[in-house]
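Subject: A structure for you to look at

Hello,

I am passing this structure on to you, and I hope you enjoy looking through it. Please open it first, then read my notes below.

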Amino acid sequence: DLAAAALRFIEGFNSVTMWVAAEILRPPAPETRALVYRQFILVADECWRLNSFHTAFAIFAAFTMHPIY
């Protein structure tokens, strides 16, 4: 079913976005959070280079979440 596939696609995107945000916010020290953020920038860049746009945009979406931004 097309609608079920679309929902799975959206759920996968949201799952990656929430995981990235949680990993960035996990360390208590701002300096450590910045290092994690930087690592995810590198991961998103590599995803983009490999044409994994879905994953790259999911990571970018985490960067725009209110607790991260």
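Here is what I found, starting with the overall picture and then moving to the details.

First, some housekeeping: this is a predicted model, in which local features need pLDDT of at least 70, side-chain atom pairs count only at pLDDT 80 or more, and totals for chains, interfaces and linings use all residues. Residues are numbered from 1 along each chain as its sequence is written, and side-chain values use heavy atoms, with hydrogens and water left out.

The average pLDDT (the predictor's confidence in each residue, from 0 to 100) is 96 for the protein, and 100% of the residues score at least 70.

The secondary structure comes to 3 helices and 0 strands, where helices (H or I, at least four residues) and strands (E, at least two) are DSSP runs numbered from the N terminus. The C-alpha trace spans about 45 × 25 × 15 Å along its principal axes. Of the 69 residues, 20% count as buried; buried means under 20% relative accessible area, exposed over 50%, and partly exposed in between, with a 1.4 Å probe and protein chains only. Taking contacts (heavy atoms within 4.5 Å) with a separation of 6 or more, 49% are between residues 24 or more positions apart.

Next, the inside. The largest nonpolar core has 9 residues: Val20, Ala21, Ile24, Phe40, Ala44, Ile59, Ala62, Phe63 and Ile68. Helix 1 (2–25), helix 2 (30–49) and helix 3 (53–63) each give two or more residues to this core. By nonpolar core I mean a set of buried Ala, Val, Leu, Ile, Met, Phe, Trp, Tyr and Cys residues joined through side-chain atoms within 4.5 Å.

Thr17 has a relative accessibility of 7% and touches Ala58, Ala61, Ala62 and Met65, not counting residues up to four places away in sequence.

In helix 3, the buried residues are Ala56, Ala58, Ile59, Ala62 and Phe63. Seen down the helix axis, they fall within an arc of 160 degrees, so they line one face of helix 3; the arc is that of the directions from the axis to the C-beta atoms. These buried residues pack against helix 1 and helix 2.

Finally, the rings. There are 6 aromatic pairs. Trp48 and Phe53 have ring centres 4.7 Å apart and planes at 75 degrees, so this pair is edge-to-face. Trp48 also pairs edge-to-face with Phe57, at 5.5 Å centre to centre and 70 degrees between the planes. For these pairs, rings of Phe, Tyr and Trp (its six-membered ring) need centres within 6.5 Å; planes under 30 degrees apart count as stacked, over 60 as edge-to-face and the rest as tilted. Trp48 is partly exposed at 38% relative accessible area, as are Phe53 at 36% and Phe57 at 44%. Tyr37, Trp48, Phe53, Phe57, Phe60 and Phe63 form one aromatic cluster.

Best wishes
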